[in-house]
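User: Could you take a close look at one helix in this structure for me? I'd like to know what surrounds it and how it packs.

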Amino acid sequence: MERFRRTRRPAHPLPVRVMHWVGAGAIITMMLSGWEIYNASPSLPFTFPGWATLGGWLAGAIAWHISAMWVLFADGLAYLGYGFFSGHFRRDIRPKGLRALARDVGAALGFRLGHRLGHYNAVQRLLYAGVILALCVQVATGLAIWKPVQLGWLTGFFGGYPAARFIHLAMMLCIAGFLAVHLVLVALFPRTLVSMVATLEAEDEP
Amino acid sequence: MIRDPVAKRAEVAPELARLNRRNFLRHGLTLGSLALLTGCDLSTHSGIDAALWTMLRFDDRVQAALFDRTRLAETYPASAVTKPFRFNAYYPVWEVRPVPNNWTLEVAGRVTERTPWSVARLRQLPQQAQITRHICIEGWSQIGQWSGVPLHVFLRRIGADLRARYVAFKCFDGYSTSIDMASALQPQTILALDFNWQPLTPEWGAPVRLRIPVKLGFKSAKNLQSIEVTNRYPGGYWENQGYNWFSGV
């Protein structure tokens, strides 16, 4: 009979769960208010529908955007610090290499990719590493277009004000794309949603 | 002859109720509401709007702390000037006011020399030219050329109290705005008399406008009528409606 090693750790440590939801709230607030700000002067040939925006008009949207900004900034710094020092990034997020990725992408496309609570497969690692990077670039370009004179070196790094604004918009689309995939996967594996709220034990390695 | 109303109230009441329900439904479905929040746009007396105003004040303090008077806005070559230059005001271009007869620039508040200024007298002061980026709060930006009197030169000339907190601007088109003293003394902040090397025309702010490249565009007030140095928070046309007061860049 096969013996399983019992794991006692939670699928998601409490700090990760708290930072996940605080960050999710801040990111969604910033995205919806950002759409209202974008609508004031659209740089691409589309606008976001009013019902999907936050703030009512430009000033309201900016007030939401620069309020949630502090929440995201604090939450993001705490998460990066935790990720590096607790081993969370090394253990869970660091991409596993091309072979594992090819295997898991193939399995995912064939709807054969399993999911074990507390373990991150290669597709998840790539998506989470990608969205963390996109969020870092998003915050940096946000600061660059908020303070193009006081933080001129940062704006210059992104190629000037119009370029930084464009990258800010492109990163938003990346984050929105991640969110869509993320929500579909949560809908397919609803227990992952429970594990991000309640303390569920991590499952055994395959 | 008095005609009957086209529709009686009782006839349209059910329709109105249905429309109201539909509106309610639309608001109820708003993602950002997460329903109640969409009503929060700085115009109500809700607790959330009060919290947003508090955050705007906090943001003002952070921006003032970040501000360094010696940091200069990037300048550009003449070839980078945006053409055509975009008109912007709180009204459309056909409502631009001509300069009033006998116009003079008034100075008030914490200053020792209160004589109003004519354009000719302003032109006798030291002049500075700049090609800088005008960044609108809406996100778009354009590069323009302005020249005129550095505001720090003007403020010293009128004996302004340079430790006062605010410099307020009133315009003859009904507009108003205000800035902090540190930004007023930044060397690129000018009272512009020329735009694209030509004397200002009314749509670009004649006869004198503020040009302040370390603030968002709406702070660069056009068609000035008076300048006041004060310690009492002056607000402004957009600021009173919810635009972030400091709005530094």
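Analyst: Let's start with what "buried" means here: a residue is buried if 20 or more other C-beta atoms lie within 10 Å of its own, with C-beta atoms placed from the backbone. Keep in mind that this is a predicted model. By that cut-off, the buried residues of helix α5(A) are Ala122(A), Val123(A), Gln124(A), Val131(A), Leu135(A), Gln138(A), Thr141(A), Gly142(A), Ala144(A), Ile145(A) and Trp146(A). Their cover includes α2, α4, α6 and α7 of chain A.

As for the helix itself, α5(A) runs over residues 122–146.

Angles over 145 degrees count as roughly antiparallel, so that's how α5(A) and α7(A) lie relative to each other. Their crossing is left-handed.

Which residues do the touching? On the α5(A) side they include Val131(A), Leu135(A), Gln138(A) and Ile145(A), while the α7(A) side includes Tyr161(A), His168(A), Met171(A) and Phe178(A). Leu135(A) and Ile145(A) turn up in both pictures: they are buried, and they belong to the α5(A) side of the contact with α7(A).

Note on methods:
Residues are numbered from 1 along each chain as its sequence is written. Chains are lettered from A and ligands numbered from 1 in the order in which they are written. This is a predicted model: local features need pLDDT of at least 70, side-chain atom pairs count only at pLDDT 80 or more; totals for chains, interfaces and linings use all residues. Axes are lines fitted to C-alpha atoms, for helices over the stretch in contact, and angles run from 0 to 180 degrees between N-to-C directions. Helices (H or I, at least four residues) and strands (E, at least two) are DSSP runs, numbered from the N terminus. Angles under 35 degrees count as roughly parallel, over 145 as roughly antiparallel, 65 to 115 as roughly perpendicular and the rest as oblique. A crossing is left-handed if the near helix is turned anticlockwise from the far one by less than a right angle, and right-handed if clockwise. Two residues are in contact if their C-beta atoms, placed from the backbone, lie within 7 Å. A residue is buried if 20 or more other C-beta atoms lie within 10 Å of its own, exposed if 12 or fewer, and partly exposed in between; C-beta atoms are placed from the backbone.
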